Amino acid sequence: MGRLFILLLLPLLLFGGSVKPFKWNDGESLLTFLERKKLPLSLYYNLDKEDQTLTEDIPYNANCQMVLSNKNIIRQILIPVNDELQLQIYLTPKNRYAMKVTPIVSEEYTETLYVPIKSLPYDDIVKATGSKNLASVFVKMFKGKVDFRKGFKAGDPIIIVYTQKYRLGKPFSMPEVHGAMVEINGKKVTVYRHSDGRFYDEKGAQYEKFLFKLPIKNPRITSGFTKSRYHPILHRYRAHVGVDFGARPGTPILSTGDGRVCFAGSSRGYGNTIKIRHANGLTSLYAHQKSFRSGIHNGSSVKQGEVIGYVGNSGLSSGPHLHFGMYSGTTAINPLSVMKKTTEGFSGKERRVFVAIRDKMDKIFKKALKTKPVRKPYFDFHETYYVDSQTLKPKPF
């Protein structure tokens, strides 16, 4: 990561006090949070439009931290916006509060998980790793291929090769699964992640049957997806966790897939916004709309390609466009990565790339079946913070 850190356990030696973990309330805005904590609302209003919009993406149930002095004064608050950036509210030496966007310090590991089935695969994975996200991804990968409620017997192995970020010793954000295998009564069923980010079987046939379509016909992308970028002129971290499509006001917006509307209303940054929850655990977001189609409301069932609203520039918008977001749980993903693309196999150079990925995973599966590695749990740095090894000044989690 280019920086050295020392992990120090409480008590906080530099300024005394404690770290208080808390969860972000579902549906709470940053303004409401600041008001509730009796912090100056100017922290929000002093942000530029892009950063104000970023605060709309604070995931519900996000794991936040508050550093309190021994006199119970707030010294620092850390609020994750995605798995790379966080809002950092801090007390300056002049006893004034300031806020900025800073990168999240996390550690990343690629792991091979071997789990013999004892009850249900989902439960066994959660027990072994503490990650509901990993268990959910595993189940979704094999949906329609394996019946997870019958057919298994005790001891049948599960193997998952994945990369996971850790923050304070706990799994953080969605894992990236590279390959997985289950063995049922001696029969192996395998899934491989290709370089395009999609999952395929051993022959190169695509696993995902639920694929999305673009929300606007003949789209024109004006801004792409990035979770974290450092602006070389402003010397600040910025993010754009969605894709912007330029279009004329009133252009119909289409539901990217079948699903149910879980939010249809107004938010400060995104303006008129619709969120649709889909059957595969993904949620799509359509922001800055001029208006919604008649009959669209919370709980509405929609079909892929159905008109749900119309392009506008409501909220913090510099002009008419659609901000289109996609979330896996509470983690923002690039919407274009799940757009419709079907294949029953690869050819030429692409097939050679896939075969190399498949063969590498197969070797890992074979080794894990032989060695049956036992996963060692990470130490839980529940009340730990980072300190720069040279200056001994506190650094954000």
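In this predicted model, asparagine 82 is found in the loop that links β4 (74-80) to β5 (85-91). With a relative accessible area of 8%, asparagine 82 is counted as buried, because the cut-off for that class is under 20%. The side chain of asparagine 82 takes part in polar contacts with the backbone: one of its polar atoms lies 2.7 Å from the backbone nitrogen of glutamate 84, and the side chain also reaches the backbone oxygen of lysine 227 at 3.3 Å. When neighbours within four places in sequence are left aside, the residues in contact with asparagine 82 are Ile104, Phe172, Lys227, Ala239 and Val241.

The strands on either side of this loop, β4 and β5, run antiparallel and are joined by five bridges, and isoleucine 77 stands opposite isoleucine 89 of β5. Both strands belong to an open sheet of five strands, which has the order β2-β3-β4-β5-β6 and antiparallel pairing. At the edges of this sheet are β2 (18-23) and β6 (97-103), each of which pairs on one side only. On average, and with direction ignored, neighbouring strands of the sheet are turned by 20° against each other.

A further open sheet, also described by antiparallel pairing, contains five strands in the order β7-β8-β9-β10-β11. Its edges are formed by β7 and β11, and each of these has a single partner strand, so one side of each is left without a neighbour in the sheet. Between β7 and β8, which run antiparallel, there are ten bridges, and leucine 113 stands opposite isoleucine 160 in β8. Helix α5 packs on this sheet, where it touches β7, β8, β9, β10 and β11, and the direction of α5 makes about 40° with that of β9. Helix α6 (residues 348-371) likewise packs on the sheet and touches β7, β8, β9, β10 and β11, while the direction of α6 makes about 135° with that of β10.

Within helix α5 (residues 132-141), the residues Leu134, Ala135, Val137, Phe138 and Met141 are buried. Viewed down the axis of α5, these buried residues fall within an arc of 165°, and they therefore line one face of the helix.

Definitions and conventions
Residues numbered from 1 in each chain as written. Predicted model: local features only at pLDDT ≥ 70, side-chain atom pairs only at ≥ 80, totals over all residues. Heavy atoms only, no water. Buried < 20%, exposed > 50% of the residue type's maximum accessible area, 1.4 Å probe, protein only. Helix = DSSP H or I, 4+ residues; strand = E, 2+ residues; numbered from the N terminus. Arc of directions from axis to C-beta. Polar contact = N/O pair within 3.5 Å; in protein donor to acceptor, adjacent residues only side chain to side chain. Contact = heavy atoms within 4.5 Å. Pairing = 2+ DSSP bridges. Axes fitted to C-alpha atoms, helices over the stretch in contact; angles between N-to-C directions.
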